[in-house]
Amino acid sequence: MNVYARQARYFREAYQRGEHGWPVEGPEPRIAAALRRLVPRLPGGRVLDLGCGEGRHTFDAAERGFRVIGVDAEPLAIRRARALAAKHPGAGDRAGFVVADLFALPFRPSTFDVLIDYGCFHHVTRADTRRYLDGVLPLLKPGGYFLLSCFSTRFKHHPGERRTRDWVVHRGHYDRFFRKRDFASMFGGWCDVLAIREERDGLSGFYHVTMRRKDAEHRGVERPVDAVVKSDGLRRGSGVHVR
Ligand SMILES: C[S@@+](CC[C@H](N)C(=O)[O-])C[C@H]1O[C@@H](n2cnc3c(N)ncnc32)[C@H](O)[C@@H]1O
């Protein structure tokens with residue numbers, strides 16, 4: 001079984017148990033603060049929440065007036081997110097959810113003003129970094145914002161944990177750990193890195209990174225727009241249904 005198949009089982013079982021180690025409700029304060037700052041710049045803008053889980057950041061963005069799609073590969077997480085919609089009347093009909101793998105996202109290029117990835121990218125293998133970038137970043141409009149939160153090298157699964165490399169397969173899932181300088185080197189071709197904030201709390205270590213997609217002129221080659229897409233941003237025939 002390859003690492004992603006094991007990881008999918010890990011997430012499925014975590015949602016089945018109902019104890020997965022990250023909050024079900026309530027956005028991470030730094031994501032909420034970043035979204036609050038973006039509201040006046042991008043009123044009613046489109047947001048994509050990658051690996052949305054039960055949708056805590058999807059709902060927060062929708063409650064701020066953004067039109068948001070949360071995607072997650074785990075159907076149970078998406079079912080729970082849809083059920084939680086009743087608790088978020090302030091999100092109106094602006095929050096929708098789709099079961100999709102981030103390596104096969106059913107959206108056309110330059111659809112979104114903001115991407116959020118809270119805790120998904122660090123489960124992508126080093127070897128698939130380019131595949132992630134090439135799959136995800138074209139979905140962001142030039143000038144759009146990317147809010148990325150991922151493990152720092154200071155993150156530990158248990159006190160005294162020692163690692164000899166920047167990734168580990170831990171209890172059936174892949175975790176990767178980042179240094180501050182990694183973000184410019186990984187994302188610099190696509191984005192300007194605007195801010196990197198480190199969060200440390202006990203064993204937890206995270207980087208919260210705000211990036212902005214360069215425009216085509218500064219990036220060099222722009223990607224061709226995929227012709228087989230609907231105007232609402234979902235690929236025709238993809239079989240996905242929002243909400
Ligand atoms: C650590 S959880 C974070 C959930 C959510 N972002 C939050 O902050 O509450 C990571 C999520 O990423 C999802 N995920 C992992 N790999 C994925 C992939 N290849 N495509 C889509 N979702 C994925 C998992 O199912 C899980 O819900």
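1. With 10 C-beta neighbours inside 10 Å, Arg171 counts as exposed, where exposed stands for 12 or fewer other C-beta atoms within 10 Å of the residue's own, buried for 20 or more and partly exposed for the range in between, with C-beta atoms placed from the backbone. Arg171 sits in the loop between strand E6 (167–170) and strand E7 (173–176), and its phi is near 45°, a positive value in a residue other than glycine. Helices (H or I, at least four residues) and strands (E, at least two) are DSSP runs, numbered from the N terminus.

2. On provenance, this is a predicted model, in which local features need pLDDT of at least 70 and side-chain atom pairs count only at pLDDT 80 or more, while totals for chains, interfaces and linings use all residues. Residues are numbered from 1 along each chain as its sequence is written.

3. A positive phi also occurs at Ser110, which is not a glycine and has a value of about 55°. Ser110 belongs to the loop between strand E3 (95–99) and strand E4 (112–118), and with 19 other C-beta atoms within 10 Å it is partly exposed.

4. Taken as a whole, the protein chain has 7 helices and 9 strands, and buried residues make up 36% of its 243 residues. Of the contacts in the protein chain with a separation of 6 or more, 73% come from residues 24 or more positions apart, a contact being two residues whose C-beta atoms, placed from the backbone, lie within 7 Å.

5. Seven strands form an open sheet with mixed pairing, in the order E3-E2-E1-E4-E5-E9-E8; two strands are taken to pair if DSSP finds at least two bridges between them. E3 and strand E8 (191–201) stand at the edges with a single partner strand each, so one side of each is left without a neighbour in the sheet. From one strand to the next the twist averages 15°, with axes being lines fitted to C-alpha atoms, for helices over the stretch in contact, and angles running from 0 to 180 degrees between N-to-C directions.

6. Within this sheet, E4 and strand E5 (residues 140–151) pair in the parallel sense over 6 bridges, and the bridge partner of Leu115 in E5 is Phe146. Helix H2 (residues 29–38) packs on the sheet, where it touches E4, E5, E8 and strand E9 (204–213), and its direction makes about 165° with that of E5.

7. E8 and E9 run antiparallel and are joined by 10 bridges, with Arg200 standing opposite Gly205 in E9. The hairpin of E8 and E9 has 2 residues between the strands, and Gly202 in this hairpin takes a positive phi near 60°.

8. Which residues of H2 are buried? They are Ala34, Leu35 and Leu38, and because they cover an arc of only 100° around the axis, they lie on the same side of H2; the arc is that of the directions from the helix axis to the C-beta atoms. The buried residues of H2 pack against helix H3 (56–63), E4, E5 and E9, whereas Pro29, Arg36 and Arg37 are exposed on the other side of H2.

9. Around the ligand there are 18 residues, of which the closest are Gly51, Gly53, Ala73, Leu102 and Gly119; a residue is near a molecule if its C-beta atom, placed from the backbone, lies within 6 Å of it. This shell divides into 9 nonpolar, 5 polar and 4 charged residues, with Ala, Val, Leu, Ile, Met, Phe, Trp, Tyr, Cys and Pro counted as nonpolar, Asp, Glu, Lys and Arg as charged, and the others, Gly among them, as polar.
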